[in-house]
Amino acid sequence: MHGPLYDLVLLPLIKIVVVLAAVLLIVAYLTFFERKLLSYMQVRIGPNRVGPRGWLQPIADGLKLFVKEDLVPGQAEKFVFLLAPVLIMAPALVMFSVIPFGPELWITDINIALLFILGVSSIGVYGVILGGWSSNSKFSLMGGLRSAAQMVSYEVPMGFAIVSVLLMARTLSLVGIVEAQKAAHLWYIVPGILAFGIYFICGVAETNRNPFDLPEAESELVAGFHTEYSGMKFAFFYLGEYTNMLVVSSLATIMFFGGWLRPFPNVAWLSFLDVIPPLVWFLAKVGFFIFVYIWFRGTFPRYRFDQLMAVGWKWLIPLSLVNLFVIGLGVLLLKG
Amino acid sequence: MDFLVQNFAVLLFSLLAVLTVAGAIGVVTLKNPVHSAISLLGTFVMVAALFVLKHAEFLGAVQLLVYAGGILVLFLFVIMLVNVRKLRPESAFLSNLAPAAVAVGTLFGVMVALVMVLSRLAGPGADPTALRTVEGQVLGNTEAVGWVLYRTYLVPFEVVSVILLVAMIGAIVFGRRQASLEREEEGGQG
């Protein structure tokens with residue numbers, strides 16, 4: 001009926017535009033959500049002037065950043081300075097191409113989705129390093145170097161935690177992982193609670209969020225790697241961070257909390273829960289993890305850098321290896 | 001339009017190949033080491049894309065993860081730590097350019113000739129699903145690589161991992177010896 005042009009170009013393009021628009025809108029409102037939530041945690045009111053109860057604040061912020069003067073420091077490395085925000089934003093958005101939001105609700109389902117996400121997310125670190133370096137400012141450079149060390153260190157235990165999920169699901173496809181949880185009658189959080197803990201801690205570190213936000217520790221580095229950035233370039237760094245939070249939360253949902261599945265997907269008397277559509281289940285779970293992110297920021301003090309490295313190398317990596325061994329043994333004994 | 005659809009794979013391959021080589025040329029010709037590193041990043045990403053195009057998705061993803069995500073970050077880390085802004089042109093290297101070009105060109109020619117002869121010997125049309133086949137079943141590249149690595153080549157694989165471990169321990173031992181020597185010198189002065 002439809003030509004190859006429709007199947008290969010038009011349909012994917014429509015999907016991509018819809019997902020991109022939704023993600024960017026959600027990310028913009030995440031900034032508002034975070035400011036509001038933090039204010040309530042600190043017994044303040046938060047932004048409440050623009051629009052009813054402050055609901056138009058993200059739009060106003062966006063407009064302000066858009067029309068702001070785009071300043072490039074005189075001593076900066078112009079090309080790299082321009083490239084860095086793109087290198088942070090693009091990989092973060094690309095990762096949404098393989099994330100399933102519900103049954104049949106995805107841009108594409110590839111059989112190496114997990115590896116793809118790990119690979120693409122590791123490109124994101126260049127935005128931080130190069131942004132820090134090209135600004136030609138000591139604060140930015142320190143922030144960039146810190147971030148490089150931190151992200152490379154925490155990628156290792158994160159990878160091991162993900163491999164333990166892979167052992168249970170026996171597939172790298174994110175759709176396959178959710179379906180495997182449906183078939184196993186079990187969310188992987190039950191056997192993989194340790195893996196989930198390691199994954200989420202590493203996820204927080206990878207996104208440079210509190211208590212691991214040393215690359216932009218304002219009390220010592222002004223704003224770290226994005227000190228010299230302004231206007232839309234700054235907005236890219238800012239939005240990139242939130243987009244990455246969204247990716248980490250989505251992956252946590254998919255790998256450990258059954259993706260779009262309702263709780264206890266095989267218990268018959270709970271089937272009234274199916275009234276709520278799968279997409280809403282997915283978004284609710286993701287929203288919870290976003291809340292935890294912000295909760296962390298409102299609760300924990302920042303680590304010292306040597307403590308950060310010690311936690312990563314001396315605790316998380318050995319722990320993730322033990323976890324991998326235990327889960328591997330369990331899979332071997334149960335599945336034969 | 002028809003031409004585009006029919007030769008899509010070939011055109012994509014040509015584009016990626018050109019970009020790969022362009023990136024590689026950039027690595028050696030750019031003056032600023034950080035620009036070289038960015039160029040190398042481009043080459044790594046394009047090579048990953050080439051792997052995916054040839055149905056070796058696992059290799060593509062690992063290429064991205066290990067080379068682009070791990071090794072090159074460490075390159076950049078070192079470049080930034082020692083803060084080399086510009087490389088001085090090495091006159092000794094430049095004076096030997098002509099013989100070096102001849103040697104490298106000859107080697108390249110021999111390699112191309114070898115590949116052409118070997119592919120002629122291998123016979124026409126190798127199986128395009130060879131990289132995805134496990135015991136006669138077409139599965140996926142990840143499964144196929146795992147199968148070959150952990151069944152057929154298990155012992156070499158383990159030996160390689162031991163060699164890498166030895167190299168790592170060696171590097172740490174050398175690094176520590178130097179650090180402790182420096183500490184002794186500082187102690188002697190103080």
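Which residues form a nonpolar patch on the surface? Keep that in mind while you get your bearings; the model on your screen is a predicted one.

**Stop 1: the whole chain.** Select chain A and colour by secondary structure. Chain A has 336 residues, and 51% of them are buried. Look also at how the contacts link up the sequence: among those between residues at least 6 apart, 78% join residues at least 24 apart.

**Stop 2: the patch.** Here is the reply to the opening question. Select A:Leu5, A:Leu8, A:Val9, A:Leu13, A:Ile16, A:Leu20 and A:Leu24: they form the nonpolar patch, and together have about 600 Å² of accessible area. Zoom in on A:Leu5, which lies in helix H1 (residues 4–41) of chain A. A:Leu5 counts as exposed because its relative accessible area is 52%, over the 50% cut-off.

**Stop 3: two helices crossing.** Next, select helix H7 (residues 193–206) and helix H11 (residues 305–335) of chain A. Their axes come within 10 Å and cross at roughly 150°, and H7(A) passes H11(A) in a left-handed crossing. To see the contact itself, show side chains: H7(A) brings A:Leu194, A:Ala195, A:Ile198, A:Ile201 and A:Cys202, while H11(A) brings A:Leu316, A:Leu319, A:Ser320 and A:Asn323.

Note on methods:
Residues numbered from 1 in each chain as written. Chains lettered and ligands numbered in written order. Predicted model: local features only at pLDDT ≥ 70, side-chain atom pairs only at ≥ 80, totals over all residues. Heavy atoms only, no water. Buried < 20%, exposed > 50% of the residue type's maximum accessible area, 1.4 Å probe, protein only. Contact = heavy atoms within 4.5 Å. Patch = residues over 30% accessible without salt bridge, like charges linked within 9 Å, V, L, I, M, F, W, Y side chains within 5 Å. Areas by Shrake-Rupley, 256 points an atom, 1.4 Å probe, with all protein chains shown as cover. Salt bridge = Lys/Arg side-chain N within 4 Å of Asp/Glu carboxyl O. Helix = DSSP H or I, 4+ residues; strand = E, 2+ residues; numbered from the N terminus. Axes fitted to C-alpha atoms, helices over the stretch in contact; angles between N-to-C directions. Left-handed = near helix turned anticlockwise from the far one by under 90°.
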